[in-house]
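My plan is to jot down what I look up, one topic at a time.

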Amino acid sequence: MPTLAATLAVVAALWLASSQGYYALVGRLGLENGYDDAPLVFTAYYATWTAIALLWFRNALAARLAPGMVMADVRAMLPLLVLFALFTALVLPGLPPVSAWLAPPNPPEFMFASGWYYLPKSADILFQQVLVASLIRTAASLRLGLKSIAIGLAVTFGGFHLLLALDGFSPFYVARFTLAATLFGFVAPWLYLRTANGFRWAYSLHWSFYALDATITRLVLAAPPPLF
C-alpha cells in the first residue's frame, strides 16, 4: 500500500512537471496566451497528463475506474458540461472586456481570453481533480479521518497555488486563488467520500470558480464606455 508521503511527492512532481512543461511549450510555439492561442494543443497536452496520472494512481482510483462507475460519472456530468458550454458560448461574450489600463501587470491569461480558453482549462481542471482524488482516496485507504484529510488537503492544495507567485502574478491574484484553493481543499474530501458522484460536484465547483472569477473580473475591470 502506498504511503501518503509517496503519493504527495508524486502529485507534486506531476503538478510541477505539467506546469513547467506548459510554459516551455508556450515558449517553443512562440505564443502569448497558450490556452487561447492553441486550445486544441493544450487540451491534448492536459489530456495526456490526465492519462499519466490515471495510470500512475490506477490502484488508488480502482473503485472509480470500473467501466460502470466511469459511465455513471459521465452521465452525471453531461448536464453540467452543457451549462459550462452555454456559459462560454453565450454569457462570456456578453461580458464587457477588461480594460488594459485597469488590468494588473502580467495579467493572468483568462482576463483577456475568449471562450476557447475554457476548453484546455477544462482538461487542466480534470488533471488537477485526478491528483486531488488520488490524494483523498489514498488518505482514506490509510484510515485517516475525514477532518484530518480535509485539513491536509486544504494546506496542500492551497500551498500549491502559492507557486503562482513564482510566475510573477500580482499578490492579490495569488492570494485569492490560494484562498479559493484552500477552501476547495477543505470541502473536496467530503464531496469525494460522502456524496454520490463526488467527482461531478468537485469538478463542477472547481470549474465554476473560474467562471465566477472571470465574470467578476470583467465587471470590475471593465473598459469604460466611449465618451462620444
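Predicted model: local features only at pLDDT ≥ 70, side-chain atom pairs only at ≥ 80, totals over all residues.

A definition before anything else: I call a residue buried when its relative accessible area is under 20%, and exposed when that is over 50%.

**Entry 1: a lysine and its partner**

I looked up Lys 121 first. Is Lys 121 buried or exposed? Its relative accessibility is 5%, so Lys 121 counts as buried. Then I checked what Lys 121 pairs with, and found a salt bridge to Asp 124, with the closest N and O atoms 3.0 Å apart. Asp 124 has 7% relative accessibility, so I put Asp 124 down as buried too. Both sit in helix α6, 3 residues apart, which means about one helical turn separates them.

**Entry 2: the other salt bridge**

How many salt bridges are there by the rule I used? The count comes to 2. Besides the pair above, I found Arg 176 and Asp 213, whose side chains meet at 2.8 Å, N to O. Arg 176 belongs to helix α8 and Asp 213 to helix α9, so this pair ties together parts that are 37 residues apart in sequence. I checked burial here as well: Arg 176 comes out at 18%, so Arg 176 is buried under the 20% cut-off. Asp 213, at 8%, counts as buried.

**Entry 3: the nonpolar core**

Next I went to the largest nonpolar core, and wrote down 58 residues for it. Tyr 118, Leu 131, Val 132 and Trp 207 have the most contacts inside this core. Several helices supply at least two residues each, among them α1 (4–29), α8 (171–194) and α9 (198–220). Which helix gives the most to this core? That is α6, with 11 residues.

Skipping its neighbours within four places in sequence, I listed Leu 153, Phe 157, Phe 184, Ala 188 and Tyr 192 as its contacts.

**Entry 4: helix α1**

Last, I followed α1. It has 26 residues and spans 37 Å from first C-alpha to last, close to the 38 Å expected at 1.5 Å a residue. Its buried residues include Thr 7, Trp 15, Ser 18 and Tyr 22. What do the buried residues of α1 pack against? I noted α2 (34–37), α3, α6 and α7. Just past the end of α1, I found Gly 30 with a positive phi of about 70°.

Conventions: Residues numbered from 1 in each chain as written. Heavy atoms only, no water. Core = buried A, V, L, I, M, F, W, Y, C linked by side-chain atoms within 4.5 Å. Buried < 20%, exposed > 50% of the residue type's maximum accessible area, 1.4 Å probe, protein only. Helix = DSSP H or I, 4+ residues; strand = E, 2+ residues; numbered from the N terminus. Contact = heavy atoms within 4.5 Å. Expected span 1.5 Å × (residues − 1). Salt bridge = Lys/Arg side-chain N within 4 Å of Asp/Glu carboxyl O.
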